[in-house]
Amino acid sequence: MPIDMIGRYRILGVLGEGGMGIVYEAEDDQLRRNVALKVIRGEFVTPELARRFALESEALGRLQHPGIAQIYEVGTDEGPTGPRSYFAMELIRGLPLTAFANTNRLELDERLELFALICDAVHHAHRQGVVHRDLKPANILVDESGQPKILDFGVARLTDSDIPGTRHTSVGEMVGTLQYMSPEQVDAIPSNVDGQSDVYSLGVLLYELISGRLPYNLERAALHEAARVILVDDPAPLSSINRRLRGDVEIIVAKALEKVKQRRYHSADALASDIRRFLRDEPIIARPASPLYQLQKFGRRNRALVSSVALGTLMLAVGATVSAWQAIRATRAEQLAVTRRDEADKSRQAAEREQRAATAALHVADSALGIADAARAQAIREQEAAIASARRATAEAAKSQAVTTFLTDMLASADPATAQGQDLRVRDLLDKASTASLRDEQLRQPEVRAAIEATIGRTYFQLGVYNAARAHVDSAYQIQRRTVGPRATVVGDLAADIGRIARASGDLATADTKLTEALTIFRRTRKSNDDFVSSAVGELASVRYGQARFPDAERLYREALELATTRHGPDDQRVGERLVALGNLYAYTGRPSEGLPLLQRAAVILERALGLKHPRVIEALVGVADAQANTPDNAAAEATLRRALPAARTVFPARHPTLANVIGRLGNVMAERGRANEAAELVSEALDMRIALLGADHPDVQLSRVSLGRLRSQQGRLDETETLYTQALASRIKALGNSSPAVAASLGDLGNLATSREKWTEAESRYREALPIWRASGIEDQALVMESRLGWAIFRQNRLDEADSILRAVIKKWTAFAGPRHWAVGDASEKLAAVMRSKGNNAEYVSLSDLGLSIRQAVYGERSLQAAQQLPNVAMAREIQGDTIAAIARLREALAILRPLRPATDAFVLNTEWLLAVDLCSGTGVAEGEALARSASRAVPFDSTQLLALRLRAGVGYCLLRAGDRESALPLLEDAYRGIQALPPSVSGRLVATVAAWVRAAAPSR
């Protein structure tokens, strides 16, 4: 009988049979998607088969990777013959690996790129503790887009020792497909089977994929003979099948197929990395990196690899080898030229003899003499060219030898005998070397000096020591301009280096000039999509972004991305780097929803290529976190940064700009999540690190100052906040001028501080200064934020109609810009609600207050700090409706959220406690209200000029009045009233009238 339904899945057809069951194509009735449904066939169910089925389900459930078929659900269904187990998984429409490669006639490089993706997926499974143990073409399907998907972990062995059922394969039982088994699987000793067994199977797959045949022909071999072959015999070398496979590819496959595990690649990731090194014409790790081998690779890549002292030493050594070879070649050319000259002399002498011997043949002799003279002249020219070439080669050899000697001596200074007890870091070695080099006469030769200066400067830059880096690279640049001319490629390289260093140092004007110069040189001397060209375009885009020239920046970022994609394909590391830059631009200019997918894609590409512990990957994760925070999704941002921070602490020195960046951003996210104390520690650490590394006026220092200022404001330390904000503003004006968005941000911060101090005139002034800068920069979301705050400052000065008009316009603009449920729509609605309350429009006040709360809860969560901050406003709306019980409930709810997140001295917490105390004392909760009012009042030292202190004192007096103790209440209320009355009306608001009424109620009857 045909099967129609299994669980909630409608059967559409059979995809395949065998192994542990039948695989159907089915439709999920609930989610309306097609799945592959794997079902154990009841007639073959055994305890072992059921165990393997459960193991496959568990294993797949732990794996989330684009290269592994995703499991959706595991379940049990009642069938005609009893219970049957099944799982639903991603339906893959594609061809088996080898069939896909052959059908699409993939070239060798394309097959290797496809295979590297498979290795990535296997490595992911290994990191989750899952070994496949049955990798073969039939278990790897490739879809139409070229994405491979690994299926059937039915014989997987979980490597976690604490998972039951992982060690039940008996000794002597082989699990898998014989042709693709590793020697340890053939031995059938389960404890020996691990991730390296899958590496062996990958080696078999790779052998078959690129040669068209398997390493061994076991089709007709008996089991014992097949086992012997796998355990003992070596496979035929790939070059015996196809001579094109001689060299690196053959060596890579041989290492993967090593019978001794210790000689095999230690992981699938290591195998993939070697394949990608081959594809990039870089040295593979499967063979000793001899100088000649490195030189061959270098010549094919034709690009500089010097990025560190060690690598610089290696390349300079190679340069010496090349130069020596050129010198030998030049010497041979000189010898050949001398030989030809001698031959020409002999020809001339013969011609002269003929002239003397045969006057009748004079014209013939003259002709021969002319030919001989021409030959002699040519030989002389060749000799002169050879001598010049020899001199150049000798000079290059001398230069390379000098640089190599210098770097060797520099590194040797770390020897304990030389260091004499000092623990020398790379920075120390550079400092010593850069001083010592000035005293060496040989190193003062221009080209030698330039090479050394460039190497030292680039290494300083990698260490984040920007001032020293710039001095050395600039020296190399000036030398090369004088030596080889201003348009040489090497001058472009150094100009680009100076531009990068200047940008990192915050000198955007110099960065723009130098990167533009480099780009002009590169576009004349290199191919249009050369990596140096796209890199310079991307760097220049970052400078334009820093200058707030956002349309220019976006255009250049897109150009750099297109160049990299055209040259390398969509999944290359360089494409990932370009995606990070473009995604960051979107994330920081009000388009985080556009930036986030680009950054997430970039992080996947870069981590796949480089591993988590790499600067590029860490920077990509920071970008992802920023976009998540701007969305806003601070919980996701925290998770991303907590993943990045341990890697950053491992990769970078204890003080490094990128490490400071990760720490500071995590502090900002913690602040947004209401964990102010933890946030302050992180941001303070980042600030100290940045000042020490970059100097007090660097843009990144200002970011840390502002972040710490906001946290100090939350902690009530407003004087410290003002100092930090003022320092940031002054530094930004000095570095960027008056019209930079960063300056507008600082003006807004000072406006917010004035708001916290209820200095509304000052707040209005700051917001009015910032608003036109945001508008001129084209950053619409920040302009709207500033406009909303301006409306609030105007409202607090009792200019109700003006505030009403501004806030309604803001709500309309925000709704058009971001939709009706955006957080900023709620914020502006709450501000307008307060205006409506002052105007006596209670119905709209209540409606807008409730709208603000619903938006906060939808955006941030019902138990979030942001939602708690709106609950007191909703409570007051309930009071206006005459529902004090509901108001008290809302205030209690707010405090339950606030108290774990904010210190007891937090102004918002104390104001909320004041509101609750007054409401309690207005009803039957006088004792509780009085205790709460006294507790809140004790948290703030009394200051007759501070509204909060006056409000709290008045609250205590009111509760004493409600308790019948007029004698104690009156002096407190009178003190509070005098102080409140002395404040500007924009600060005191309605509280003056409220406290005056309390004083009259407490005063003795006259």
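At 18% relative accessibility, D281 counts as buried (buried means under 20% relative accessible area, exposed over 50%, and partly exposed in between, with a 1.4 Å probe and protein chains only). D281 sits in the loop between α8 (268-279) and α9 (291-301). Its phi is near 60°, a positive value in a residue other than glycine.

A word on what you're looking at: this is a predicted model, in which local features need pLDDT of at least 70 and side-chain atom pairs count only at pLDDT 80 or more, while totals for chains, interfaces and linings use all residues. Residues are numbered from 1 along each chain as its sequence is written, and side-chain values use heavy atoms, with hydrogens and water left out.

Now step back to the whole chain. The protein chain has 41 helices and 11 strands; helices (H or I, at least four residues) and strands (E, at least two) are DSSP runs, numbered from the N terminus. Of its 1006 residues, 50% are buried. Take the contacts (heavy atoms within 4.5 Å) between residues at least 6 apart in sequence, and 59% of them join residues at least 24 apart.

Let's go to a sheet next. Three strands make an open sheet in the order β7-β9-β10, with antiparallel pairing; two strands pair if DSSP finds at least two bridges between them. The edges belong to β7 (94-96) and β10 (148-150), each with a single partner strand, so one side of each has no neighbour in the sheet. On average, neighbouring strands here are turned by 35° against each other, direction ignored. Strand β9 (residues 140-143) is joined to β10 by 3 bridges, and the two run antiparallel. Look for V142, which stands opposite P148 in β10.

Helix α3 (residues 108-127) lies across β9 and β10, running at about 35° to β10. Axes, by the way, are lines fitted to C-alpha atoms, for helices over the stretch in contact, and angles run from 0 to 180 degrees between N-to-C directions. In the loop between α2 (97-103) and α3 you'll find R105. Like D281, R105 has a positive phi: near 50° for R105, near 60° for D281. But R105 is exposed, with a relative accessible area of 72%, whereas D281 counts as buried.

Further along comes a helix pair. Two packed helices are described by the angle between their axes and the distance between the axes. For α29 (residues 760-777) and α30 (residues 780-795), the angle is about 160° and the axes are 9 Å apart. The two are therefore roughly antiparallel (under 35 degrees counts as roughly parallel, over 145 as roughly antiparallel, 65 to 115 as roughly perpendicular and the rest as oblique). On the α29 side, the residues that meet α30 include W760, Y767, L771 and W774; among their counterparts in α30 are M786, L790, W792 and I794. Sorted by type, the residues of this contact are 12 nonpolar, 1 polar and 5 charged. Here Ala, Val, Leu, Ile, Met, Phe, Trp, Tyr, Cys and Pro count as nonpolar, Asp, Glu, Lys and Arg as charged, and the others, Gly among them, as polar.

Last stop: A904, in the loop between α35 (884-901) and α36 (907-922). A904 is exposed, with a relative accessible area of 58%. Leaving aside its neighbours within four places in sequence, A904 is in contact with L910 and A939. The C-alpha atoms of A904 and S935 are separated by 9.9 Å, with the two residues 31 apart along the chain.
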